[in-house]
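Please read the points below with the model open beside you.

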Amino acid sequence: MSDHGVINVLIVGESWISATTHYKGWDQFSSTTYESGVEPLRAALSAAGIGIVWMPSHEAARDFPDHVDGLAQYDAIVLSDIGANTLLLHPDTWLRGQTRPNRLTVIRDWVSAGGGLAMAGGYLSFQGINASARYRGTPVEEVLPVRISPWDDRMEIPEGAFASIDRPDHPIVAGIDGPWPPLLGMNELEPTPDAEVIASWAGRPLLAVRHAGRGRTLAWASDIGPHWCPESFVQWPGYARLWSQAIEWLCGRR
(Lines give C-alpha, C1' and ligand atoms only; values in the text may rest on other atoms or scores of the structure.)
Protein backbone atom coordinates (compact mmCIF):
# COMPACT_ATOMS: atom_id res chain seq x y z
CA MET A 1 0.00 0.00 0.00
CA SER A 2 1.11 3.56 -0.65
CA ASP A 3 2.05 6.10 2.02
CA HIS A 4 -0.38 8.60 3.51
CA GLY A 5 -0.22 10.96 0.54
CA VAL A 6 -2.38 10.49 -2.54
CA ILE A 7 -4.74 7.52 -2.49
CA ASN A 8 -4.13 5.23 -5.46
CA VAL A 9 -7.02 3.15 -6.78
CA LEU A 10 -7.08 0.40 -9.40
CA ILE A 11 -10.43 0.13 -11.22
CA VAL A 12 -10.75 -3.25 -12.94
CA GLY A 13 -13.41 -3.98 -15.57
CA GLU A 14 -16.05 -1.69 -17.10
CA SER A 15 -15.20 -2.38 -20.75
CA TRP A 16 -16.86 -4.49 -23.42
CA ILE A 17 -16.97 -5.14 -27.16
CA SER A 18 -20.32 -5.22 -28.97
CA ALA A 19 -20.70 -7.03 -32.30
CA THR A 20 -23.87 -6.15 -34.23
CA THR A 21 -25.39 -7.52 -37.43
CA HIS A 22 -27.52 -5.00 -39.35
CA TYR A 23 -30.27 -6.33 -41.64
CA LYS A 24 -31.58 -3.96 -44.33
CA GLY A 25 -33.94 -5.84 -46.57
CA TRP A 26 -31.93 -8.32 -48.63
CA ASP A 27 -28.62 -6.97 -47.39
CA GLN A 28 -26.74 -7.20 -44.15
CA PHE A 29 -23.44 -6.07 -42.68
CA SER A 30 -21.68 -6.33 -39.33
CA SER A 31 -20.07 -3.73 -37.08
CA THR A 32 -18.02 -3.92 -33.90
CA THR A 33 -17.72 -1.24 -31.22
CA TYR A 34 -15.54 -0.97 -28.12
CA GLU A 35 -17.29 0.67 -25.18
CA SER A 36 -16.62 1.49 -21.55
CA GLY A 37 -18.59 2.56 -18.49
CA VAL A 38 -15.76 3.73 -16.23
CA GLU A 39 -16.00 7.48 -16.79
CA PRO A 40 -18.57 8.49 -14.11
CA LEU A 41 -16.56 6.85 -11.33
CA ARG A 42 -13.17 7.83 -12.73
CA ALA A 43 -14.25 11.48 -13.05
CA ALA A 44 -15.73 11.58 -9.54
CA LEU A 45 -12.63 10.14 -7.89
CA SER A 46 -10.19 12.18 -9.95
CA ALA A 47 -12.02 15.37 -8.98
CA ALA A 48 -11.45 14.43 -5.33
CA GLY A 49 -7.68 14.16 -5.90
CA ILE A 50 -7.62 10.36 -5.88
CA GLY A 51 -5.13 8.70 -8.23
CA ILE A 52 -6.77 6.33 -10.71
CA VAL A 53 -5.41 3.49 -12.81
CA TRP A 54 -8.00 1.82 -15.03
CA MET A 55 -7.46 -1.75 -16.23
CA PRO A 56 -10.14 -2.63 -18.82
CA SER A 57 -11.49 -6.17 -18.84
CA HIS A 58 -9.55 -7.34 -21.89
CA GLU A 59 -6.29 -6.10 -20.35
CA ALA A 60 -7.04 -7.55 -16.91
CA ALA A 61 -7.07 -11.10 -18.28
CA ARG A 62 -3.37 -10.74 -19.06
CA ASP A 63 -2.11 -7.91 -16.85
CA PHE A 64 -3.81 -8.16 -13.44
CA PRO A 65 -1.02 -8.98 -10.95
CA ASP A 66 -0.60 -12.60 -9.94
CA HIS A 67 1.19 -11.89 -6.64
CA VAL A 68 0.30 -9.72 -3.65
CA ASP A 69 3.44 -7.66 -4.17
CA GLY A 70 2.12 -6.62 -7.58
CA LEU A 71 -0.74 -4.80 -5.84
CA ALA A 72 1.47 -2.97 -3.34
CA GLN A 73 1.20 0.34 -5.22
CA TYR A 74 -2.57 0.47 -4.73
CA ASP A 75 -4.57 1.42 -1.65
CA ALA A 76 -7.88 0.16 -3.05
CA ILE A 77 -9.21 -2.00 -5.88
CA VAL A 78 -12.65 -1.60 -7.44
CA LEU A 79 -13.95 -4.64 -9.33
CA SER A 80 -16.81 -3.50 -11.56
CA ASP A 81 -18.64 -5.57 -14.17
CA ILE A 82 -15.86 -8.09 -14.68
CA GLY A 83 -16.56 -11.79 -14.17
CA ALA A 84 -14.39 -14.17 -12.19
CA ASN A 85 -13.36 -16.07 -15.33
CA THR A 86 -11.43 -13.08 -16.66
CA LEU A 87 -9.17 -13.18 -13.60
CA LEU A 88 -9.01 -16.96 -13.39
CA LEU A 89 -8.17 -17.61 -17.05
CA HIS A 90 -4.85 -15.97 -17.83
CA PRO A 91 -3.92 -16.50 -21.52
CA ASP A 92 -1.15 -18.88 -20.39
CA THR A 93 -3.81 -21.10 -18.81
CA TRP A 94 -6.58 -20.66 -21.38
CA LEU A 95 -4.46 -20.85 -24.54
CA ARG A 96 -1.35 -22.78 -23.46
CA GLY A 97 -2.55 -25.09 -20.66
CA GLN A 98 -0.07 -23.74 -18.12
CA THR A 99 -0.52 -23.41 -14.36
CA ARG A 100 -0.79 -19.89 -12.98
CA PRO A 101 -1.51 -18.35 -9.54
CA ASN A 102 -5.19 -17.97 -8.67
CA ARG A 103 -5.66 -14.20 -8.83
CA LEU A 104 -8.85 -14.34 -6.77
CA THR A 105 -6.72 -15.78 -3.96
CA VAL A 106 -4.21 -12.98 -4.55
CA ILE A 107 -6.97 -10.40 -4.04
CA ARG A 108 -8.14 -12.07 -0.83
CA ASP A 109 -4.63 -12.23 0.59
CA TRP A 110 -3.96 -8.60 -0.38
CA VAL A 111 -7.11 -7.54 1.49
CA SER A 112 -6.15 -9.58 4.54
CA ALA A 113 -2.78 -7.82 4.54
CA GLY A 114 -4.44 -4.38 4.64
CA GLY A 115 -5.88 -3.58 1.20
CA GLY A 116 -9.28 -2.07 0.48
CA LEU A 117 -11.58 -3.91 -1.94
CA ALA A 118 -14.88 -2.71 -3.44
CA MET A 119 -17.12 -4.70 -5.75
CA ALA A 120 -19.69 -2.65 -7.67
CA GLY A 121 -22.76 -4.33 -9.06
CA GLY A 122 -23.71 -5.10 -12.62
CA TYR A 123 -24.46 -7.85 -15.11
CA LEU A 124 -20.99 -9.37 -14.55
CA SER A 125 -20.56 -8.65 -10.84
CA PHE A 126 -21.28 -10.87 -7.84
CA GLN A 127 -23.11 -13.80 -9.53
CA GLY A 128 -24.43 -11.80 -12.48
CA ILE A 129 -26.57 -12.52 -15.51
CA ASN A 130 -27.22 -16.25 -15.97
CA ALA A 131 -24.97 -16.73 -12.91
CA SER A 132 -21.99 -16.17 -15.23
CA ALA A 133 -19.96 -13.73 -13.10
CA ARG A 134 -19.40 -16.66 -10.69
CA TYR A 135 -17.90 -15.03 -7.60
CA ARG A 136 -19.94 -17.25 -5.28
CA GLY A 137 -17.70 -19.64 -3.36
CA THR A 138 -14.48 -17.90 -4.44
CA PRO A 139 -11.73 -16.37 -2.28
CA VAL A 140 -13.09 -12.92 -3.19
CA GLU A 141 -16.46 -13.75 -1.63
CA GLU A 142 -14.65 -14.81 1.56
CA VAL A 143 -13.68 -11.19 2.27
CA LEU A 144 -16.73 -9.34 0.92
CA PRO A 145 -19.41 -8.07 3.33
CA VAL A 146 -22.08 -10.02 1.44
CA ARG A 147 -22.97 -13.60 0.57
CA ILE A 148 -23.60 -14.18 -3.12
CA SER A 149 -26.56 -16.07 -4.57
CA PRO A 150 -26.00 -19.29 -6.56
CA TRP A 151 -28.29 -18.08 -9.37
CA ASP A 152 -28.79 -15.09 -11.64
CA ASP A 153 -28.93 -12.39 -8.98
CA ARG A 154 -30.08 -9.35 -10.98
CA MET A 155 -33.04 -7.34 -9.74
CA GLU A 156 -34.38 -5.10 -12.51
CA ILE A 157 -36.34 -2.22 -10.96
CA PRO A 158 -37.57 -0.02 -13.84
CA GLU A 159 -39.98 1.83 -11.54
CA GLY A 160 -37.00 3.04 -9.49
CA ALA A 161 -35.52 1.91 -6.18
CA PHE A 162 -35.17 4.59 -3.51
CA ALA A 163 -32.48 3.69 -0.98
CA SER A 164 -33.11 3.52 2.75
CA ILE A 165 -30.15 4.92 4.67
CA ASP A 166 -29.70 2.53 7.60
CA ARG A 167 -26.52 4.07 9.04
CA PRO A 168 -26.71 7.84 8.43
CA ASP A 169 -23.88 8.27 10.95
CA HIS A 170 -21.40 6.23 8.92
CA PRO A 171 -18.43 8.20 7.49
CA ILE A 172 -19.17 7.01 3.94
CA VAL A 173 -22.54 8.82 3.84
CA ALA A 174 -21.62 11.77 6.07
CA GLY A 175 -22.88 15.08 4.71
CA ILE A 176 -24.91 13.53 1.88
CA ASP A 177 -28.40 14.98 1.87
CA GLY A 178 -31.36 12.78 0.94
CA PRO A 179 -33.41 11.53 -0.60
CA TRP A 180 -31.09 9.75 -3.00
CA PRO A 181 -32.18 9.62 -6.66
CA PRO A 182 -33.71 6.30 -7.71
CA LEU A 183 -31.66 3.40 -9.02
CA LEU A 184 -32.96 1.06 -11.73
CA GLY A 185 -31.52 -2.24 -10.57
CA MET A 186 -29.10 -4.06 -8.30
CA ASN A 187 -27.70 -7.48 -7.48
CA GLU A 188 -29.59 -9.50 -4.88
CA LEU A 189 -27.26 -10.10 -1.94
CA GLU A 190 -27.29 -11.10 1.73
CA PRO A 191 -25.10 -9.38 4.34
CA THR A 192 -22.53 -11.39 6.26
CA PRO A 193 -23.07 -11.57 10.05
CA ASP A 194 -20.27 -9.05 10.65
CA ALA A 195 -21.25 -6.61 7.88
CA GLU A 196 -22.44 -3.06 8.44
CA VAL A 197 -25.35 -2.34 6.09
CA ILE A 198 -25.22 1.39 5.39
CA ALA A 199 -27.99 1.57 2.78
CA SER A 200 -30.59 -0.93 1.61
CA TRP A 201 -33.63 -1.41 -0.59
CA ALA A 202 -36.52 -3.82 0.12
CA GLY A 203 -34.52 -5.46 2.88
CA ARG A 204 -31.51 -6.14 0.62
CA PRO A 205 -28.11 -4.49 1.13
CA LEU A 206 -27.33 -1.75 -1.36
CA LEU A 207 -24.17 -0.54 0.38
CA ALA A 208 -22.42 -2.73 2.95
CA VAL A 209 -18.93 -2.76 4.47
CA ARG A 210 -16.79 -5.05 6.56
CA HIS A 211 -13.35 -5.40 8.12
CA ALA A 212 -11.50 -8.43 6.74
CA GLY A 213 -8.19 -9.24 8.37
CA ARG A 214 -6.24 -5.97 8.34
CA GLY A 215 -8.16 -4.72 5.33
CA ARG A 216 -11.61 -3.36 4.55
CA THR A 217 -14.19 -4.33 1.94
CA LEU A 218 -17.28 -2.74 0.44
CA ALA A 219 -20.16 -4.03 -1.68
CA TRP A 220 -22.21 -1.61 -3.79
CA ALA A 221 -25.05 -3.69 -5.21
CA SER A 222 -25.97 -1.31 -8.04
CA ASP A 223 -23.93 -0.05 -10.99
CA ILE A 224 -21.45 2.85 -11.16
CA GLY A 225 -23.29 4.28 -14.20
CA PRO A 226 -26.17 3.64 -16.60
CA HIS A 227 -28.28 1.70 -16.89
CA TRP A 228 -28.83 0.67 -13.25
CA CYS A 229 -27.25 3.89 -11.99
CA PRO A 230 -28.98 6.44 -14.25
CA GLU A 231 -27.74 9.87 -15.26
CA SER A 232 -29.89 11.49 -12.56
CA PHE A 233 -27.87 9.58 -9.94
CA VAL A 234 -24.49 10.11 -11.61
CA GLN A 235 -25.11 13.88 -11.95
CA TRP A 236 -26.39 14.18 -8.36
CA PRO A 237 -23.71 15.85 -6.17
CA GLY A 238 -24.05 13.02 -3.68
CA TYR A 239 -22.65 10.51 -6.19
CA ALA A 240 -19.16 11.99 -6.21
CA ARG A 241 -19.16 12.51 -2.46
CA LEU A 242 -20.44 8.98 -1.82
CA TRP A 243 -17.68 7.38 -3.87
CA SER A 244 -14.83 9.59 -2.70
CA GLN A 245 -15.80 8.97 0.93
CA ALA A 246 -16.21 5.25 0.24
CA ILE A 247 -12.66 5.04 -1.11
CA GLU A 248 -11.32 7.09 1.80
CA TRP A 249 -13.01 4.70 4.23
CA LEU A 250 -11.66 1.64 2.39
CA CYS A 251 -8.17 3.09 2.76
CA GLY A 252 -8.55 3.86 6.47
CA ARG A 253 -8.70 7.62 5.94
CA ARG A 254 -12.16 7.89 7.54
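**Notes on the model**

1. The charged end of Arg216 sits over the ring of Trp249, 4.7 Å from its centre. Arg154 likewise lies over the face of Tyr123, at 4.9 Å from the ring centre. A charge sits over a ring here if NZ of Lys or CZ of Arg is within 6 Å of the ring centre and within 35 degrees of the ring normal.

2. On provenance: this is a predicted model, in which local features need pLDDT of at least 70 and side-chain atom pairs count only at pLDDT 80 or more, while totals for chains, interfaces and linings use all residues. Residues are numbered from 1 along each chain as its sequence is written, and side-chain values use heavy atoms, with hydrogens and water left out.

3. Arg216 also takes part in strand pairing: it is the bridge partner in β14 of Gly116. Strand β14 (residues 215-220) runs parallel to β6 and is joined to it by five bridges. Strand β5 (residues 76-80) is also parallel to β6, again with five bridges. Two strands pair if DSSP finds at least two bridges between them; helices (H or I, at least four residues) and strands (E, at least two) are DSSP runs, numbered from the N terminus.

4. How many of the residues of β6 are buried? Five of the five are, so β6 is largely enclosed by the rest of the structure. Gly116, Ala118 and Ala120 are buried on one side of the strand, and Leu117 and Met119 on the other. Buried means under 20% relative accessible area, exposed over 50%, and partly exposed in between (1.4 Å probe, protein chains only).

5. Ser125 is in the loop between β6 (116-120) and α6 (139-143). Ser125 has a relative accessible area of 1%, so it counts as buried. Its side chain reaches the backbone oxygen of Ala120 at 2.6 Å, a polar contact (a pair of N or O atoms within 3.5 Å; within protein, one must be able to donate a hydrogen and the other to accept it, and residues adjacent in sequence count only if both atoms are side-chain atoms). Ala120 is in turn the bridge partner of Ser80 in β6.

6. Ser80 and Ser125 are 45 residues apart along the chain, with their C-alpha atoms separated by 6.4 Å. Leaving aside neighbours within four places in sequence, Ser125 is in contact (heavy atoms within 4.5 Å) with residues including Ser80, Asp81, Asp153 and Asn187.

7. Rings of Phe, Tyr and Trp (its six-membered ring) pair if their centres lie within 6.5 Å; planes under 30 degrees apart count as stacked, over 60 as edge-to-face and the rest as tilted. By this rule there are seven aromatic pairs. Trp180 and Trp236 form a tilted one, 5.7 Å centre to centre with 50° between the planes. Trp180 lies in the loop between β9 (164-165) and β10 (183-187) and Trp236 in the loop between α7 (231-234) and α8 (237-250), so the pair ties together parts 56 residues apart in sequence. Both Trp180 and Trp236 are buried.

8. Why is the pair of Phe233 and Tyr239 edge-to-face? The ring centres of Phe233 and Tyr239 are 6.3 Å apart and the planes are at 90°, so the pair is edge-to-face. Phe233 is buried at 0% relative accessible area, and Tyr239 is buried at 1%. Trp180, Trp220, Phe233, Trp236, Tyr239 and Trp243 form one aromatic cluster.
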